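Hi,

Here's the model I said I'd pass along.

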Amino acid sequence: MKIFLAIHHELDPNAGAPGSVMQLGRAYQKLGHTVELYGFDHLPSWVPKMAEGVLFPQLCAAHLAKMRTKQQYDVIDISTGDAWVWGALSRKRSQHRPLLVTHSHGLEHISHLELLEEARLGRFHLSWKYPLYRGGYRLWEVATSLRGSDIIFMLNRRDADYAIETLHVPSERIHVVGNGIPNTFLNLPFDPGDAYATEISIAQVGTYISRKGIHYSVPALNELLIKYPQVKVSLLGTGLPAEHILPDFSPVIRDRIQIIPQYAHDELPRLLSGHQILLFPSLSEGFPLALPEAMACGLAPVSTNIPGSTEIVIDSKNGILIPTRNSEAIVHKVEYLIQNRPYLEILRQEAYTTAQGYSWVHIAQQRLAIYKEVLEKHACQSRSGLQKAEL
């Protein structure tokens, strides 16, 4: 199969969504398929950086139109919001049309609703520009792309249900398939901790922004670190330097907080070594890669019970689920694990075991099977149409 795989980001292996697309592309290639990746890196040099996201659907369609005479794709798989232009153009070519697929990294409409709630609570300030694009036109692009695609890949059930019930996308086109984790995270040596040790290290992986739940995790971590002097915290991938983050914490605990703004993705297992708990207080995710990756490194997750997380974490079996926007719940559950180290060790082992099932090759095989099923269905419909025309 020849597959065109596009996303509205620079193709950075160390970033979440683009990194996952690159991993998926490599898995397709390992399984014998031809893959072309397309992102901001491939846009014409005249496109201003600020306009890349806005123009991406049009420029992606222009690239596909240009390549049509050189390359016949079987599948065109584009990130949500960016497939609608090509979808409109390709509908005019009903014969021998490649399969059009839209893949989501977390439905934008769900993130939009969470941002509105944070703004209502006074936790986040929305710019006057927000309704013009991100909170307006972009949502229309996403809905139009979904409705015009042959296949839609969603990362969790809630996103799928929202697309069906609110955006009126035909349910038979939607498939819920999660993300994978790189082979470098699989089958790492598991280091069982001392069930009676007192020292605990907590990691929080993700950018230091409102959507990642920092307004609720920071007060909780302040309280925990003050109460338990044997506890340390690492904030990884914050995107902000320590001097912008440490003032949010009490001066008496700052020496027990490690902040790493950026890291190479393959470095994460080393950075998580010696940690026992992953705190994941996010408000909205499609399928949070930090969860299975940290679980594969032997960390027990304490995660908000958001769609995406609940696809991975089973409460009290391989982690702990807590309500969103609830600092008190974070303190209560983390404190319970601090005080019950044998139980924490059981959760760590279960989390590690769960994560081993998330290989990219396995995920690629699931998606390829869906590609093939729909391609065969379209081929049958085309043959049936030709036979009727001949009669």
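Ala-296 sits in helix α10, residues 290-296 (helices are DSSP runs of H or I with at least four residues, strands are E runs of at least two, both numbered from the N terminus). This is a predicted model, so to speak of local features we need pLDDT of at least 70, and side-chain atom pairs count only at pLDDT 80 or more, while totals for chains, interfaces and linings use all residues. Residues are numbered from 1 along each chain as its sequence is written, and side-chain values use heavy atoms, with hydrogens and water left out.

Back to Ala-296: its relative accessible area is 1%, so it counts as buried (under 20%; exposed is over 50%, partly exposed in between, with a 1.4 Å probe and protein chains only). Leaving aside residues up to four places away in sequence, Ala-296 touches Ile-181, Phe-185, Leu-188, Tyr-352, Ala-355 and Gln-356 (contact means heavy atoms within 4.5 Å). Tyr-352 is 56 residues away along the chain, yet the two C-alpha atoms are separated by 4.7 Å.

Now strand β11, residues 300-304: five of its five residues are buried. Ala-300, Val-302 and Thr-304 point one way, Pro-301 and Ser-303 the other. β11 runs parallel to β10 (residues 277-280), joined by four bridges (pairing takes at least two DSSP bridges), and Leu-278 has Pro-301 as its bridge partner. The chain goes from β10 through α10 to β11 in a right-handed β-α-β crossover (clockwise from the first strand over the helix to the second, with the strands pointing away from the viewer). β11 also pairs in the parallel sense with β12 (residues 320-322) over three bridges, where Ser-303 partners Leu-321.

Cheers
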